[in-house]
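My entries follow in the order in which I looked.

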Amino acid sequence: MTSGVSVIGAGESPYTRHPASDTTTERVLADAVRRALADANLQTSEVDGFGVCSFTLGPDHAIDLAWRLGLRLRWLMQDTNGGASAGTMLQHAVRAVESGDASVVVLVAGDLMDQQVHLKMVAEYNRATADHLVPLDMLGPNALFALLTQRQMAAEGLTRTDYGRLAVAQRAWAALNPGAVYRKPMTLDDYLNAPMVAEPLGRYDCVPPVTGADAVVVAADERAAGTRRARVLTVSARYNSDDQTGDGLVTGLADCASELWDTAGHGPADVDVVSVYDDYPAMALAQLKDLGLVAGGEMPAFIAERLATRKLAVNTSGGQLSAGQPGSAGGMHGLVEIVRQLRGQAGQRQVDARLGLFSGYGMVLYRYGACATAGLLEAAE
Amino acid sequence: MSVIVQNCRTCGGQWFPARLLCPRCGGADLAPRSIERGVVEQLTHLGDVVIASVACDPEPLLVARLHGTVEAGDVVELTDRPDTSGRPVAFVPPSGRPREELS
Ligand SMILES: [Zn+2]
């Protein structure tokens, strides 16, 4: 057994709304892998474990991508959990390194996501979508999360202004992130006056699809001695926690929270920087509540007094709402940002951070997402 | 007019979309059952399309397209066929596979 496992490098293939015509999924994934390895100061020959999540890699699989990257491996996985893929893959990778099945693992997620690909993906997302949602003339999950947001507004006393403050706060972070696709300052009026998509959701409640990829390098602490790293304290996951029979306002993270904090020996008040999966503002808030960072009934005050004021640093990359949603890389985006913050690589948006929390959420089965993962990481040297 | 859901003959649970085993008791004895109406919980507009969450008594919760004049809180008739007659109905598309597979 090793003493600890850390993320020692992170990389992101630049997000773009309009990919060049010769862009392919595997090239975008390869670019993120190359950047993460360079960040970790490692060569491909030193990698012996590899995991990938991508909606658009087919007909290739993880092994095809590994081959084209020139990786000779002892450990290989392919993940399908989209927005929850960072936690899913990191949970496995940490165990692989701890047990000695692998020593250096690269995890990558990403997609080529132009409009055509995006429409095909949402139409063929799963059988329930194809059978029971697409025939409603409903393409994509906006209407589902509009209904969920209405439920959250009623349960938590939230208004569109509250959600708008969250979106505006994330846009202000994005202005400090050269990698975000939307960096122009946004006012609360801009948010409230934007075209309605499905009430109460307007344009700025919905993530812009982008092409891009995110990768991290995971290794044992012995190997990373002397380098700035993000030690993984714990990763927790829940899948299909309620059979889609609830209101969707509680994610699987509610069941993860106590084991997450107990294992790490920390509480919500100890966290310096947070990335929650923001496919919609309502889901960012639901995850913050499930993880214990905001209490029920206190969301409006929390947004105004802690989130918008940066007393709690949430989604410092701008989140997917402003940085963009690169398909399944949306699940890795928050982890990459936490690693950058803990390793002091966040540039103008750097916060003073020792303890970082990331969460993932996704895979809409019928009414809302069914996969939830979260992890705590600590700055180490 | 109705929508076919699964009824677990072991525990009485009602499920939609179709499951392979009952999520509540693990049983495989799942039979088709017609449900005729539900209550509109929330609704939203995607352009002209009205999408709603519809609650059956005691379950399941359905995602439906509303036709006609229907408001949140209304009891609405359920149908598994697209309906353009103008009557207030909630359309819930059936499974694309043969109905036999539901039972
Ligand atoms: Zn049963």
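Entry 1, chain B strands. I began with strand S4 (residues 37-46) of chain B, which is joined to strand S7 (residues 75-79) of chain B by three bridges, the two running antiparallel. B:Gly38 is the residue I found opposite B:Val76 in S7(B). S4(B) is also joined to strand S5 (residues 49-55) of chain B, antiparallel, by seven bridges. In that pairing B:Thr44 stands opposite B:Ile51 in S5(B). S4(B) and S5(B) make a hairpin with two residues between them, and B:Gly47 in the turn has a positive phi of about 60°. For my own record, two strands pair if DSSP finds at least two bridges between them. Helices (H or I, at least four residues) and strands (E, at least two) are DSSP runs, numbered from the N terminus.

The model is predicted: local features need pLDDT of at least 70 and side-chain atom pairs count only at pLDDT 80 or more, while totals for chains, interfaces and linings use all residues. Residues are numbered from 1 along each chain as its sequence is written, chains are lettered from A and ligands numbered from 1 in the order in which they are written, and side-chain values use heavy atoms, with hydrogens and water left out.

Which residues coordinate the zinc ion? I listed B:Cys8, B:Cys11, B:Cys22 and B:Cys25, each through SG, at 2.3 Å. Donors are N, O and S atoms within 2.8 Å of the metal (3.2 Å for Na, K and Ca); water is not among the atoms, so sites may look incomplete. The angles among the four donor atoms are 102 to 117°, and the site is tetrahedral (four donors, all angles between 85 and 135 degrees). The donor spacing in sequence reads C-x2-C-x10-C-x2-C. B:Cys8 in strand S1 (residues 3-8) of chain B and B:Cys25 in the loop between strand S2 (14-15) and strand S3 (30-35) of chain B are 17 residues apart, a pair that links distant parts of the chain. I noted B:Cys8 as buried at 1% relative accessibility and B:Cys25 as partly exposed at 37%. Buried means under 20% relative accessible area, exposed over 50%, partly exposed in between (1.4 Å probe, protein chains only).

I traced 10 strands in an open, mixed sheet of chain A, in the order S3-S2-S4-S7-S1-S8-S12-S11-S9-S10. Its edge strands are S3 (75-79) and S10 (313-314) of chain A, each pairing on one side only. Strand S11 (residues 355-364) and strand S12 (residues 369-380) of chain A pair antiparallel over nine bridges, with A:Ser359 opposite A:Ala374 in S12(A).

Most residues other than glycine have a negative phi, and most peptide bonds are trans. I found a cis peptide bond between A:Glu199 and A:Pro200, omega about 10°, and another cis bond between B:Glu59 and B:Pro60, omega about 0°. A:Gln244, not a glycine, has a positive phi of about 65°; A:Gln244 lies in the loop between S8 and helix H9 (253-264) of chain A and is buried at 9% relative accessibility. A:Arg310, also not a glycine, has a positive phi of about 70°; A:Arg310 is partly exposed, at 35% relative accessible area.

Notes. Tetrahedral: all angles 85-135°; square planar, octahedral: opposite > 155°, others 65-115°.
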